[in-house]
Amino acid sequence: MSKPLNPAVEALMQEIARAKLRAEERRQQKLEQSRQQYGVIQTDSGQIKLRLPPPPTKPSPDECCNSGCTPCIMDTYISQLHAYEENVARLRQQYQQQISGELPSCHLAEPLSFGLLDPLKFTGVRVMHVDTPTNDMRILVLEATAADFVLALGEHVQIRADLKDGPLTRPFTPVMIPAHDGTVRPHIFVRLYANPLSSHLGRLQAGDRLKLRGPLRTHENLTWLFSAPVCVLAAAGTGIAPIFQALEFARLNSSYQTRRIVLVQCARNASEQWLERNIRDMQMPRLEYHVFLSNTHRLTDEKLRQLLDEECADARALICGPGTFNVDVSSWLAGIGIRDVQCL
């Protein structure tokens, strides 16, 4: 006769079984979603049909890691649910316009697509290559494509490390640029600090898996930036990643390609001018690109004033860097009269 299990062990085994079941249900749901096209769809016979996507799955309470993620997985669920409801309302309206003849069939909405990312669940993505440009810097090239990482302006991913003392998370903005094989892939720029998460990320090698979820958003829609006649972008260190995302947004949108953009990039030295070649290759006619190096040509209030003329009085600015950098540049811009500033 078998010996009965300890109640605590039995409860743990039941919880593990439930977690595996939830994971499998989500895996099957995502697999099914990847096979479907959602939206206002024209069939082969010419019929117009409305196929709505399923709502986001509500996380169970135990799926929150309690490590202070911003946003929390529960907050993300609420945000995704609101976005889902708005999207469904938009699709229903488009469907009614299609069947009533208000919209020609050539204006069918693009079917919704599902990439590799999931805002409510951490996904393991394989690290394809690791660049080590400096001792305290890593660039993780992920085995994914632009179609897998569909991020809007202002969106990022949350990276998680399951360590001995508990999980730790940190936000990163993937940079979508060509990898060594010529394919555009997500690059994660990581500055290594003296903390457990940096130690974990610094040890990653090709073939390891990186846990991440997204896309996530902690700021309002940043497209407001490009509605001004002049846009000022300022970045320090790895803060160039979200600033580069904003530049890419402007480059790919014909409405903003000719907007005057003043980009200020600060780095410790010439070897840390991340993405310089990619920025110079953008061929944006009104992009003014200025680099300041701490060891030779540090950015100051006076130097910033020299870059911004009277036309910049109505400018809007986006800043991303260490806390002191954001505070200093915001203060200098306010002194010039630019107060519409967002710090990331």
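Predicted model: local features only at pLDDT ≥ 70, side-chain atom pairs only at ≥ 80, totals over all residues.
Local features require pLDDT of at least 70 and side-chain atom pairs count only at pLDDT 80 or more, whereas totals for chains, interfaces and linings use all residues. Residues are numbered from 1 along each chain as its sequence is written, and side-chain values use heavy atoms, with hydrogens and water left out.

Helices (H or I, at least four residues) and strands (E, at least two) are DSSP runs numbered from the N terminus. Five strands, in the order β12-β11-β10-β13-β14, make up an open sheet with parallel pairing, where a pair requires at least two DSSP bridges between the strands. Strands β12 (287–293) and β14 (341–343) form the edges, each pairing on one side only. From one strand to the next, the twist averages 15 degrees; angles run from 0 to 180 degrees between N-to-C directions, and axes are lines fitted to C-alpha atoms, for helices over the stretch in contact. Parallel strands β10 (residues 230–236) and β11 (residues 260–267) are joined by seven bridges, and L233 has L263 as its bridge partner in β11.

Helix α4 (residues 240–252) packs on the sheet and touches β10, β11, β12 and β13 (316–320), its direction making about 150 degrees with that of β10. Contact denotes heavy atoms within 4.5 Å. Helix α7 (residues 323–336) lies across β10, β11, β13 and β14 and runs at about 160 degrees to β13.

Residue I159 belongs to strand β5 (residues 155–163). Beyond its neighbours within four places in sequence, I159 contacts several residues, including F122, F172, I188 and L210. The C-alpha atoms of I159 and L210 are separated by 7.3 Å, although the two residues are 51 residues apart along the chain.
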